[in-house]
Structure formats: structure tokens, C-alpha cells
Amino acid sequence: MPRKTFVAGDVLTAADMNLLAQDGYVNNASLDTAAGQPGGAWLAYTPTVTGISNTTATGAYCKLGKTVFFRAKIVLTGSSSVTATPEVSLPLASAANVISSSFEVRLIDENLLRWYAGQGIEINADTISIYALLASSTYAYGSAVTSTIPFTWTTDDYIEVSGTYETSA
């Protein structure tokens with residue numbers, strides 16, 4: 001069946017919608033496969049990391065409109081040390097005063113094969129701080145990551161960060 005061509009002022013009916021769905025107008029094959037675009041490969045970026053000395057950091061992101069999806073991994077090397085609350089750069093600057101950002105963090109103790117939950121908090125348009133989620137007898141709370149929180153960091157331990165946020169461009 002030939003594709004229907006729509007013009008300004010056409011009334012879109014349920015039958016038209018069914019044809020569009022069956023015809024595959026919007027499917028994975030119709031997405032733009034250019035890197036960084038929906039359906040394309042994620043773009044690599046190298047996160048800047050502060051608060052931890054001697055790390056290997058890798059990351060990737062994809063942008064859909066003004067929404068950025070990203071992930072980063074920070075691995076501690078043999079001579080690493082946590083000297084302050086870790087901070088990780090975002091691949092693209094976030095929009096001003098955005099309250100809908102969401103950053104999930106996993107803190108992995110590679111030696112014990114154990115992971116701990118964390119949260120990323122945006123501190124400016126380009127950077128998030130990494131916090132561990134700890135529990136008291138009453139509630140969970142965020143705590144700055146230190147050389148011993150949530151565990152004593154050693155070689156090959158790592159931090160994974162992922163999330164979504166609105167970009168300024």
C-alpha cells in the first residue's frame with residue numbers, strides 16, 4: 001500500500017495512525033544513525049575527575065533534543081587516593097536552574113566484589129559531586145565519599161556514574 005502524504009489542514013484519523021504504525025514510519029531503521037544522534041553510536045568523552053588522584057576515566061553520551069544521556073567510569077590505579085569529595089565533569093553543560101537532573105552512582109569495591117549505592121549532585125553546569133548513600137537505624141542519607149567511605153579504596157576499585165539532564169544548547 002502506498003504511503004499517505006499529509007498536507008497542512010489534514011485531519012489525522014485512527015486509520016491513518018494504524019497505517020503509520022504498520023508501515024514502520026518510526027522504527028529503529030528510520031532513526032538517524034549519526035554518532036550522538038538517536039539510533040547512532042554514543043559519543044565518547046573523557047571525564048575530568050577531581051578529588052581522586054591517579055585515575056583512568058572514560059565516558060560516553062547521547063543527546064536527544066536538549067536531553068543528554070551519559071555514563072562515566074572512574075577506575076583507581078595503583079597509586080590512587082581519595083583526597084576530597086570526588087567530582088566528575090559532564091559531557092555537555094547543563095541548563096541553568098534545572099531541577100530534573102538525575103545522576104545514579106555505583107561505588108564498586110572490586111576486591112570484595114561488592115557495590116554501594118550513591119548519588120550525584122550537580123554543583124554547577126559542568127560538574128557533579130559523588131556521594132555515598134549510607135543508612136542509620138532511622139533513615140538513609142548522603143555522605144561525602146572519603147578514603148574510607150563507603151569502604152577503603154584500593155587499586156581497581158571504581159565509580160560508575162550515569163544519568164540524564166537538560167543541556168543548555
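Let me start with Ser-80, which counts as buried because its relative accessibility is 17%, where buried means under 20% relative accessible area, exposed over 50%, and partly exposed in between, with a 1.4 Å probe and protein chains only. Before going on: this is a predicted model, in which local features need pLDDT of at least 70 and side-chain atom pairs count only at pLDDT 80 or more, while totals for chains, interfaces and linings use all residues. Residues are numbered from 1 along each chain as its sequence is written, and side-chain values use heavy atoms, with hydrogens and water left out.

Ser-80 sits in strand 3, residues 67-89. Strands here are DSSP runs of E with at least two residues, helices are runs of H or I with at least four, and both are numbered from the N terminus. What does the side chain of Ser-80 reach? Another is the backbone nitrogen of Thr-77, at 2.7 Å. Polar contacts of this kind are pairs of N or O atoms within 3.5 Å; within protein, one must be able to donate a hydrogen and the other to accept it, and residues adjacent in sequence count only if both atoms are side-chain atoms. Leaving aside residues up to four places away in sequence, Ser-80 touches Ser-53, Asn-54 and Thr-55, contact being heavy atoms within 4.5 Å.

Next, the charged groups. Side chains of opposite charge can pair when their charged atoms come close. The structure has two salt bridges, each defined as a side-chain nitrogen of Lys or Arg within 4 Å of a carboxyl oxygen of Asp or Glu. Arg-106 pairs with Glu-104, with the closest N and O atoms 2.8 Å apart. Glu-104 is partly exposed at 44% relative accessible area, and Arg-106 is also partly exposed, at 22%. The other bridge runs from Glu-160 to Arg-106, and its closest N and O atoms are 2.8 Å apart. Glu-160 is in strand 8 (residues 158-166) and Arg-106 in strand 4 (residues 102-109), so this pair ties together parts 54 residues apart in sequence. Glu-104, Arg-106 and Glu-160 are therefore linked in a network of salt bridges.

Now the surface. Phe-6, Leu-12 and Met-17 make up a nonpolar patch there, with about 270 Å² of accessible area together. Patch members have over 30% relative accessible area and no salt bridge; like charges are joined within 9 Å, and nonpolar side chains (Val, Leu, Ile, Met, Phe, Trp, Tyr) within 5 Å. The areas come from the Shrake-Rupley method with a 1.4 Å probe, and for residues only the protein chains shown count as cover. Phe-6 lies in the segment before helix 1 (14-23) and is partly exposed at 33%.

Last, the backbone. Most residues other than glycine have a negative phi, and most peptide bonds are trans. Where is the cis peptide bond? A cis bond joins Ile-149 and Pro-150, with omega about 5°, and Pro-150 lies in the loop between strand 7 (140-144) and strand 8. Asp-156 lies in the loop between strand 7 and strand 8; its phi is positive, about 75°, and the residue is partly exposed at 44%. Leu-113 has a positive phi near 50°. Leu-113 belongs to the loop between strand 4 and strand 5 (114-124) and is exposed, at 72% relative accessibility.
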